Amino acid sequence: MNIAGDTEKKTVMKREEYLDKIYGCWLGKNVGGTIGVAYEGNTDFLSVPLNVPSEMVANDDLDLQLVWLDILRRKGTRITSEDLAEGWLNNITYACDEYGVAIANLKAGLRPPVTGYYNNWFRNGMGASIRSEIWACISAGRPEVAGWYALQDASVDHWNEGVYGEIFLATMESSAFYDGSLSSLINTALSFIPKSSSVHQVVEFTLSLYRQGKTLKETRETILRQFGHHNFTDCVQNIGFIIAGLLYGKGDFLKTIVSAVNCGYDTDCTGASVGAIMGIMKGRKRLLEEGYRAGEEVVV
């Protein structure tokens with residue numbers, strides 16, 4: 001399924017096109033996160049209006065990546081989980097869920113990847129998956145590189161599925177700079193995570209439901225029966241919702257975001273993630289041509 005642009009793989013990208021796609025990524029993430037934040041934690045199937053908000057709101061999905069950007073600017077691209085752990089201790093004060101666990105573990109003297117595993121009931125949360133875009137943007141068209149950075153990142157505060165979730169999104173987003181085929185992007189990203197992982201399984205499961213002709217609501221309910229979790233930030237069910245949003249949105253930027261958000265649960269993250277993916281594929285210029293002129297002011 002081709003949902004945006006030409007499916008032909010490119011070998012060279014002009015600088016202005018690259019920058020346009022980066023801008024589109026953050027614009028899409030900003031809009032998607034703002035639409036979703038009002039419904040965060042809602043476990044019902046929703047009916048969100050197809051409206052772009054006139055004002056953007058702050059979102060940790062964006063805030064945390066500003067810390068990574070600062071590290072990249074100061075230390076360059078040869079960074080590891082140790083550098084990111086230093087960033088957590090010096091700059092991040094979010095105390096909720098896996099963020100708080102990671103900070104406590106780091107203060108206790110533990111180092112990654114133990115910080116993502118030890119005493120961490122939220123190791124499979126969405127907290128790492130939502131930080132994937134920056135690695136894709138500095139590794140455009142090199143999903144193997146984006147995936148390596150995602151591994152360094154996620155290992156600070158996640159383990160197992162929480163790590164696979166960020167690798168999956170980072171490799172998908174990196175590929176989206178050059179590939180306009182959704183099915184190709186998904187298959188590429190799946191190749192970087194174990195087939196035995198629940199993230200891999202929920203993506204394939206969601207694809208099969210879509211191919212069977214299920215409605216978005218039916219797909220959402222079936223995902224929850226198979227992969228549902230009491231923690232609303234669990235990455236497995238939410239990545240299922242991200243894939244559902246991309247499929248049922250059928251290439252429309254706003255419909256894709258709203259379709260993901262309508263599935264409920266960690267809606268600011270799912271909305272932001274699909275918004276970012278669509279933003280990369282379309283680019284800022286095309287989004288503006290389609291009328292999406294809100295969201296260019298990032299609030300932190």
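Biologist: The residues lining the largest cavity divide into three nonpolar, four polar and two charged. Which residues line this cavity?

Modeller: First, a caution: this is a predicted model. The lining consists of K29, N30, G33, T34, V57, N59, D61, L62 and A272. Lys and Asp count as charged, and K29 and D61 are in the lining.

Biologist: Which elements give two or more residues to that lining?

Modeller: Helices α1 (15-37) and α2 do. The largest share comes from α1, with four residues.

Biologist: How many cavities of 30 Å³ or more does the structure hold, and what is the volume of the largest?

Modeller: There is one cavity of 30 Å³ or more.

Biologist: Now the rings. How many aromatic pairs does the structure hold?

Modeller: Ten. To read a pair, take the distance between ring centres, then the angle between planes. An angle over 60 degrees counts as edge-to-face.

Biologist: Where do W68 and W88 lie in the fold?

Modeller: W68 lies in helix α2 (residues 60-75), and W88 lies in helix α3 (residues 81-91). The pair therefore ties together parts that are 20 residues apart in sequence.

Biologist: Is W68 buried or exposed? And W88?

Modeller: Read the relative accessible area: under 20% means buried. W68 has 0%, so W68 counts as buried. W88 is also at 0% and is buried.

Biologist: Why does the pair of W148 and Y149 count as edge-to-face?

Modeller: Because the planes of W148 and Y149 stand at 75 degrees. The ring centres are 5.3 Å apart.

Biologist: What is the exposure of W148 and of Y149?

Modeller: W148 is partly exposed, with a relative accessible area of 39%. Y149 is buried at 8%.

Biologist: Back to W68 and W88. Which cluster do ring pairs link them into?

Modeller: Ring pairs link W68, W88, Y94 and Y99 into a cluster.

Technical notes
Residues are numbered from 1 along each chain as its sequence is written. This is a predicted model: local features need pLDDT of at least 70, side-chain atom pairs count only at pLDDT 80 or more; totals for chains, interfaces and linings use all residues. Side-chain values use heavy atoms; hydrogens and water are left out. Rings of Phe, Tyr and Trp (its six-membered ring) pair if their centres lie within 6.5 Å; planes under 30 degrees apart count as stacked, over 60 as edge-to-face and the rest as tilted. Buried means under 20% relative accessible area, exposed over 50%, partly exposed in between (1.4 Å probe, protein chains only). On a 1 Å grid over the protein atoms alone, a cavity is a set of points where a 1.4 Å probe fits but cannot get out, and a pocket is an open set with protein on both sides within 12 Å along at least five of seven lines; lining residues have an atom within 4 Å of a point. Grid points are joined across faces, edges and corners, and a volume is the space filled by probe spheres set on the points.
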